[in-house]
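Hi,

Here's the structure I promised to pass on. Have a look at it first, and then read my notes below.

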Amino acid sequence: MAILNSRVLELIETLVAARLDWLAFELIEGIRLGRTAEESEEALAAARQSIRSDAQPKARGEPQVLLAEPKPIPAGEQVEWAAAYVEERLETALEQLQASINALDFIVESTNEPEGPQDLAQAASAKTEQGTALVLLDAEGDRKSSREDVAGARDDFPALRAALAEWTARAGGEATI
């Protein structure tokens, strides 16, 4: 288990201030657990080939459970790992949010079938006036995400990458406490 590098705290505080507590917790947990071992490319290729050929896997020897011990992330590498993790998770979250909005649009459109020509005109004008929005209600109030919010976040992603790169360069040069 790795000890959290104090230079990562600035990023964690920024995430919490941006109401991304879930990502801050994931980041802390990821550093705490360390890097998990991944399957080799050869093993993955063999598994893909056996699935494509619909072949049954052949047992060899006694069954065994393979539990690879995670490798701690050294304090000197935590800043770079944290920046890459945050970028990847936010990009994935945006993709998932976009997919959810698309799915909701499909559900809404398929359940509101127009009955006549006047309904078609109303449906067309309503679609341009309002779109699907996801709303989460919790103790802190509501959080809304619409198609425009996702598009805006995607447009701002290069600025996020630049800010993370700048923070990595700045934090990487500081002495460890």
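By a nonpolar core I mean a set of buried Ala, Val, Leu, Ile, Met, Phe, Trp, Tyr and Cys residues joined through side-chain atoms within 4.5 Å; buried is under 20% relative accessible area, exposed over 50% and partly exposed in between (1.4 Å probe, protein chains only). Bear in mind that this is a predicted model: local features need pLDDT of at least 70, side-chain atom pairs count only at pLDDT 80 or more, and totals for chains, interfaces and linings use all residues. Residues are numbered from 1 along each chain as its sequence is written, and side-chain values use heavy atoms, with hydrogens and water left out.

The largest nonpolar core has 24 residues, and Val-8, Leu-11, Leu-15, Leu-27 and Val-86 touch the most other members. Helix 1, helix 2 (21-33), helix 4 and helix 6 (147-173) each give it at least two residues (helices are DSSP runs of H or I, at least four residues, numbered from the N terminus). Helix 4 supplies the largest share, 9 residues.

Now to helix 1 (residues 9-17), where Leu-11, Ile-12 and Leu-15 are buried. They sit on the same side of helix 1 because they cover an arc of only 100° around the axis, taken from the directions from the helix axis to the C-beta atoms. Exposed Glu-13 and Ala-17 are on the face turned away from that buried side. Just after helix 1, Arg-19 has a positive phi of about 60°.

Cheers
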